[in-house]
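Some terms used for a protein model rest on a definition. The turns below set values against such definitions.

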Amino acid sequence: MPERFYLLVLALTRGVSLTQSHALLRHFGTATAIFENISSIETLRIRKALQTNVEAFRRAEAELVFCEQKNIECIGLGDSNYPTRLQDCPDAPLVLFYRGNINLNAKHIVSVVGTRRITGYGQDICRHFCAELQRIVPDTLVVSGLAYGVDIEIHRQSLACGLATLGILAHGIDQIYPALHRPVAVDMVQRGGLLTEYISQTAPEKGHFVRRNRIVAGISDATIVVESALKGGSLITANLAGSYNREVFAFPGRANDTYSEGCNRIIRRQEAALITSAEDFAEAMMWYTPPTKKKKADQSQFFPDMTDLERSVIDILRENERLQLDQLAVKTGIAVHALNALLFEMEIKGWLKPVPGGFYRLLT
């Protein structure tokens with residue numbers, strides 16, 4: 001049997017958690033080796049669970065047959081087509097089920113999440129974001145959860161603009177929830193894909209949506225929150241993305257808008273960088289360099305009346321393209337409070353600018 005079969009059996013074994021499964025994999029190296037050496041497992045409860053998991057073996061065999069019949073890819077942890085970004089997460093699924101025609105290891109991947117009660121403002125953001133992203137970084141894969149609101153809107157707009165889009169499901173891949181989104185899901189299989197960690201006939205239970213969020217966060221380079229109240233699944237996803245050392249961004253809203261309160265708060269707490277466009281996002285991710293206006297290039301070329309401190313900052317930024325305040329302080333040897341004031345003066349002079357993520361770059 002292939003390694004993915006034993007990974008699936010391990011995932012289906014009752015009494016062995018995902019954390020414990022990862023610990024076993026680290027110790028034995030492969031799922032195959034775990035089952036070949038069950039007797040050497042020290043924890044009695046786990047050893048017994050693996051020794052008596054007849055149903056898990058039966059279900060795994062049936063699932064692989066089902067996948068072959070329905071043209072569903074069963075991807076095991078460690079397979080060459082397993083999403084590498086997700087594989088780096090400590091709680092990565094042991095097995096994934098996939099239907100689609102896109103590369104799950106695309107060069108640029110972004111997750112977009114938000115409220116299920118999307119407003120006209122949120123719809124406008126999704127529409128403009130996708131159109132602009134397709135123009136400046138057309139090979140981007142856009143990920144979301146196929147749920148009501150921001151999720152389905154970003155999938156629709158991605159398809160409309162010609163961007164590849166991937167839906168992460170909280171149930172088996174043999175069904176679509178909500179059923180209303182089936183037409184979009186069908187289009188996504190043709191021009192994107194659907195992905196889940198759940199075997200067929202798994203219902204969309206509440207807890208599955210929470211677990212699904214970690215895949216949305218872990219499979220991408222960054223997560224963007226479009227609209228969110230003070231509580232919601234999108235903020236959980238953003239928090240998970242931060243815990244995986246992914247970039248987190250948010251679109252701001254008016255202070256009195258219920259479904260912008262969550263975005264405004266994570267921006268205020270510096271848990272997310274503020275963006276207002278796809279260009280802001282792509283520039284912050286270094287996926288795109290906006291064309292320089294000639295006037296700005298001429299202005300920054302000569303740097304009139306430059307002080308020695310200003311010259312040191314400019315020289316460092318020329319070498320590194322963009323740096324955060326703390327990084328600049330270390331490289332220039334200028335105290336943070338003094339450097340902050342210096343950067344402000346240089347910004348006024350038109351020599352540099354702050355960009356999302358707390359970075360500074362030259363206007364050259």
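Q: What makes E11 and E12 a hairpin, and which residue in the turn has a positive phi?
A: In this predicted model, E11 and E12 form a hairpin with 3 residues between them. Gly357, in the turn, has a positive phi of about 100°.

Q: How do you know that E11 and E12 are paired?
A: Two strands pair if there are at least two bridges between them. E11 is joined to strand E12 (residues 359-362) by 4 bridges, so the pair meets the definition. The two strands run antiparallel. Val355 stands opposite Phe359 in E12, and Leu352 stands opposite Leu362 in E12.

Q: What makes E10 and E11 edge strands?
A: The order of this open sheet of 3 strands is E10-E12-E11, with antiparallel pairing. Strand E10 (322-324) and strand E11 (352-355) each pair on one side only, and they are the edge strands. On average, neighbouring strands here are turned by 30° against each other, direction ignored.

Q: Which helices lie against this sheet, and how do you know that they touch it?
A: Contact means heavy atoms within 4.5 Å. Helix H17 (residues 336-348) packs on the sheet and touches E11 and E12, with its direction at about 115° to that of E11. Helix H16 (residues 325-332) lies across E10 and E12 and runs at about 100° to E10.

Q: Why is the pairing of strands described as either parallel or antiparallel?
A: Strands of a sheet pair through backbone hydrogen bonds, and this pairing can be of either kind. The open sheet with the order E1-E2-E6-E5-E4-E3-E7-E8-E9 has 9 strands, and its pairing is called mixed. Its edge strands, strand E1 (73-76) and strand E9 (273-274), each pair on one side only.

Q: How do you know that E1 pairs with E2?
A: The definition asks for at least two bridges. E1 and E2 are joined by 4 bridges and run antiparallel, so they count as a pair. Glu73 has Tyr98 in E2 as its bridge partner. H1 packs on this sheet, touching E1 and E2, and its direction makes about 115° with that of E2.

Q: Which strands does helix H11 lie across?
A: Helix H11 (residues 233-243) lies across strand E3 (108-113), strand E7 (222-225) and strand E8 (247-250), and it runs at about 155° to E7. In the loop between H11 and E8 is Asn245, which has a positive phi of about 65° although it is not a glycine.

Q: What lines the largest pocket?
A: The largest pocket has a volume of about 660 Å³ and is lined by 26 residues. Ala11, Leu12, Thr13, Tyr198 and Ile199 lie nearest its centre. H1 gives the largest share of the lining, 4 residues.

Q: How many of the lining residues are nonpolar, polar and charged?
A: The lining of the largest pocket divides into 13 nonpolar, 7 polar and 6 charged residues.

Notes:
Residues numbered from 1 in each chain as written. Predicted model: local features only at pLDDT ≥ 70, side-chain atom pairs only at ≥ 80, totals over all residues. Heavy atoms only, no water. Axes fitted to C-alpha atoms, helices over the stretch in contact; angles between N-to-C directions. 1 Å grid on protein atoms, 1.4 Å probe; cavity = no way out; pocket = protein on both sides within 12 Å on 5 of 7 lines; lining within 4 Å. Points joined across faces, edges and corners; volume = space filled by probe spheres on them. Nonpolar A, V, L, I, M, F, W, Y, C, P; charged D, E, K, R; others polar.
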